[in-house]
Amino acid sequence: MTKKKATLIGLVAILLWSTMVGLIRGVSEGLGPVGGAAMIYTLSGILLIVTVGFPDIRKFPPRYLIAGSVLFVSYEMCLALSLGYATTRHQAIEVGMVNYLWPSLTILFAILFNGLKSTLWVIPGLLISVTGVSWVLGGDSGLNIDDIRQNVISNPVSYLLAFCGAIIWAAYCTVTSKYAKGHNGITFFILLTALSLWLKYAFSDQPEMVFSWPVILKLFMVAFALGFGYAAWNTGILQGHVNVLAAASYFTPVLSSALAAVMLSAPLSFAFWQGALMVCGGSLLCWWATRRA
């Protein structure tokens, strides 16, 4: 495996993950927010057993096993349910953009808790990312406080789940970097997420899952994107050019929104794209600040 080939495989992971907002939303429309998510993570877990294998969790550092399990499961549930509970397809794309605060927050947490060196440029980077998300939530008006407030109030559960998910994933990345010591628990964590979702499905009032060929196709596509995405990313990070992959990953919000808009037939306004570019630009500035330190 050459570095160039491994890097290309890592870039494929970014492309696969960029399809997830649109596909998760498509599955949830047929199978329900919880049932659809449970099916997605069950199939993804099976794929990961085949591609990555099941780890020996007895060898995991206890802090990584406990904190990683809780944070990973919490994040994946926040992401899937925030998209599933969105009232419209357009709102699902907006919710997905809120989730993409995590790259900037990950760098902030690494600075605060892991001792990552950075210049003061990280501060405007964070501000630009937050402004970009606010711009997206303002709709056609851009950065309009009243429109942002009304938009969030219309469905606070989805937006709050997405925002909490961004914080949780940043915390997960920080914990993994500090405590994993080379161990990869992704298969175990995905299956644990599936189990948690099935328990929620069994013990709460959920809509009936209605299977159709379009929903089944999207289900297998998103399971493939999630399962093989993690496998491809692991290859890229371990054997490829990490700096190239890190920089490329910060363009995921724009690529994800574009693919979701096509898959969900939900045209996005010029103001949305302005906000999306701000999120990408802010994340890149945060990353650049750590490179210059």
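Start at Val244, in helix H12 (residues 242–249). This is a predicted model. Val244 is partly exposed, at 42% relative accessibility.

Next, show helix H2 (residues 20–31) and helix H13 (residues 252–263) together. They pack at an angle of about 35°, with axes 7 Å apart. On the H2 side, pick Val21, Gly22 and Leu23; on the H13 side, pick Ser256, Ala260 and Met263. By class, this contact has four nonpolar residues, two polar and no charged ones.

Stay on H2 and select Arg25 and Glu29. The two lie four residues apart in the helix, about one turn. Their side chains meet in a salt bridge, 3.2 Å from N to O. Which of the pair is buried? Arg25 is, because its relative accessibility is 6%, under the 20% limit. Glu29 is partly exposed at 38%.

The structure holds four salt bridges. For another of them, go to Asp56 and Arg58, whose closest N and O atoms are 3.0 Å apart. Asp56 is partly exposed at 30%, while Arg58 is exposed at 76%.

Then move to helix H8 (residues 145–154), where Asp146 and Arg149 sit three residues apart, about one helical turn. Their salt bridge spans 3.9 Å, N to O. Asp146 is partly exposed at 43%, and Arg149 is partly exposed at 44%.

Finish in helix H10 (residues 186–202) with Thr193. Thr193 is buried, at 0% relative accessible area. Beyond its sequence neighbours up to four places away, Thr193 touches Tyr41, Phe72, Val73, Glu76 and Met77.

Definitions and conventions. Residues numbered from 1 in each chain as written. Predicted model: local features only at pLDDT ≥ 70, side-chain atom pairs only at ≥ 80, totals over all residues. Heavy atoms only, no water. Buried < 20%, exposed > 50% of the residue type's maximum accessible area, 1.4 Å probe, protein only. Axes fitted to C-alpha atoms, helices over the stretch in contact; angles between N-to-C directions. Contact = heavy atoms within 4.5 Å. Nonpolar A, V, L, I, M, F, W, Y, C, P; charged D, E, K, R; others polar.
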